[in-house]
Amino acid sequence: MVKNLIKLGWKNIWRNKKRTFLTLFAIAYGITAVVFIKSYIAGVTTNSIEQIVRTQSGHVKIAHSEYLRLERVMPKEFMVKNPEVFIQAANTIEGVEAVDQRLKFHTLLNFKDANEPAVAVGVDTAIADKTMLLSQSIVAGSYMDDSGKSLIIGKSLAEKLGAGVGDELLLVTTDINYSTYALPFKIAGLFETGYSSLDKHILYIPIAKGREMLDCGVAAHEILLFLKDPAQAEVVASRLETVAAADPDSGYRVVPWQKNSVVESFYPFFENIVSKVMGLIMLIVALVILNTMLMAV
């Protein structure tokens, strides 16, 4: 019986070569499309997460719990007051490549008659270039120098101001005591990452100048750890949690990148896109095959 069915099926394949070719083409096209689109979306997802890790979360982030809760509004007052304790502890952990301190605060930029709101990020210039690859994103001018009087700014943000390399910007903000503070900076370079949220709103200044503007001593909003093996983030975070627990009143939290709020919201979004696209392609292929089989029957 089975032998006869196989023989019948084999004859049917060659009875209409054009129909057989179209069916095989539909199956091959569907499989190719599924593999290509899934690979493409996986690549986009990986690149986007890497960008989030480099610019926002690190592989492990240490910050005040209230700062993390209100991160979208960037509260100035909730800071890690003793970052050196965590830095020393992190440097004893195998696999930690770099430890970066950052300040983030809203500022108003003034250039001639133009004013634009922006987000200033205070960074250790040498470490930030290693972790965020900032110098590789420079499209005009150069990276920040060691004088502390220069900054780099998103190309789109500079265009909104009408400013360019060599121009002087006045940064105005309020410190942690809500007193107004302003400092002039020279534009050393313009960067372009390809992410409009960064290029239109962000500028980077030396962390020493950021601390001066916020009047916060040696404190930092975030301490970011970058690891050789990102998969070890949760293990490293658990070790640093003991350091945070040593001062239970501090309110500090240690967050691996897998549990970062941006990453957690990012994964379901792309998984939803992948499932819908895969479903649509498989439906088209199934309809083609179904139509061919119905005609054959």
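Predicted model: local features only at pLDDT ≥ 70, side-chain atom pairs only at ≥ 80, totals over all residues.
Residues are numbered from 1 along each chain as its sequence is written, and side-chain values use heavy atoms, leaving out hydrogens and water.

**Surface patches**

- Lys 3 sits in helix H1 (residues 2-15); helices here are DSSP runs of H or I with at least four residues, strands are runs of E with at least two, and both are numbered from the N terminus.
- Together with Lys 7, Lys 11 and Arg 15, Lys 3 makes up a surface patch of positive charge.
- Patch members have over 30% relative accessible area and no salt bridge, with like charges joined within 9 Å and nonpolar side chains (Val, Leu, Ile, Met, Phe, Trp, Tyr) within 5 Å.
- For charges, Lys and Arg count as positive and Asp and Glu as negative, while His and the chain ends are not counted; each charge is placed at NZ of Lys, CZ of Arg, CG of Asp or CD of Glu.
- A nonpolar surface patch is formed by Leu 280, Leu 283, Ile 284, Leu 287, Val 288, Leu 290 and Leu 294, with about 660 Å² of accessible area together; such areas come from the Shrake-Rupley method with a 1.4 Å probe, and for residues only the protein chains shown count as cover.
- Leu 280 belongs to helix H10 (residues 261-296), and its relative accessible area of 51% makes Leu 280 exposed.

**Salt bridges**

- How many salt bridges does the structure hold? There are seven, each being a side-chain nitrogen of Lys or Arg within 4 Å of a carboxyl oxygen of Asp or Glu.
- One of them joins the side chains of Glu 222 and Lys 61, at 3.5 Å from N to O. Because Glu 222 lies in strand E9 (residues 222-227) and Lys 61 in strand E1 (residues 60-64), this pair ties together parts that are 161 residues apart in sequence.
- Glu 222 counts as buried at 0% relative accessibility, and Lys 61 counts as buried at 2%.
- Lys 61 and Glu 222 also belong to a network of salt bridges that includes Glu 71 and Lys 104.
- Glu 66 and Arg 69 form a salt bridge whose closest N and O atoms are 2.8 Å apart. These two residues are three residues apart in helix H3 (residues 65-69), so about one helical turn separates them.
- Glu 66 is partly exposed, at 26% relative accessibility, whereas Arg 69 is exposed, at 59%.
- Asp 100 and Arg 102 meet through their side chains in a salt bridge of 2.9 Å, N to O. Asp 100 is buried, with a relative accessible area of 0%, and Arg 102 is buried, with a value of 0%.

**Aromatic pairs**

- Two aromatic pairs are counted; rings of Phe, Tyr and Trp (its six-membered ring) pair if their centres lie within 6.5 Å, with planes under 30 degrees apart called stacked, over 60 edge-to-face and the rest tilted.
- Phe 86 and Tyr 252 have ring centres 5.8 Å apart and planes at 70°, so this pair is edge-to-face. Phe 86 lies in helix H4 (residues 83-91) and Tyr 252 in strand E10 (residues 252-256), so the pair ties together parts 166 residues apart in sequence.
- Phe 86 and Tyr 252 are both buried.
- Phe 191 and Tyr 204 have ring centres 5.5 Å apart and planes at 55°, so this pair is tilted. The pair links distant parts of the chain, with Phe 191 in strand E7 (residues 180-191) and Tyr 204 in strand E8 (residues 202-206), 13 residues apart.
- Phe 191 and Tyr 204 are both buried.

**Positive phi angles**

- Most residues other than glycine have a negative phi.
- Lys 112 is not a glycine, yet has a positive phi of about 55°. Lys 112 lies in the loop between strand E2 (96-111) and strand E3 (114-123) and counts as exposed at 68% relative accessibility.
- Tyr 178 also has a positive phi, near 65°. Tyr 178 is placed in the loop between E6 and E7 and is exposed, with a relative accessible area of 60%.

Notes. Buried < 20%, exposed > 50% of the residue type's maximum accessible area, 1.4 Å probe, protein only.
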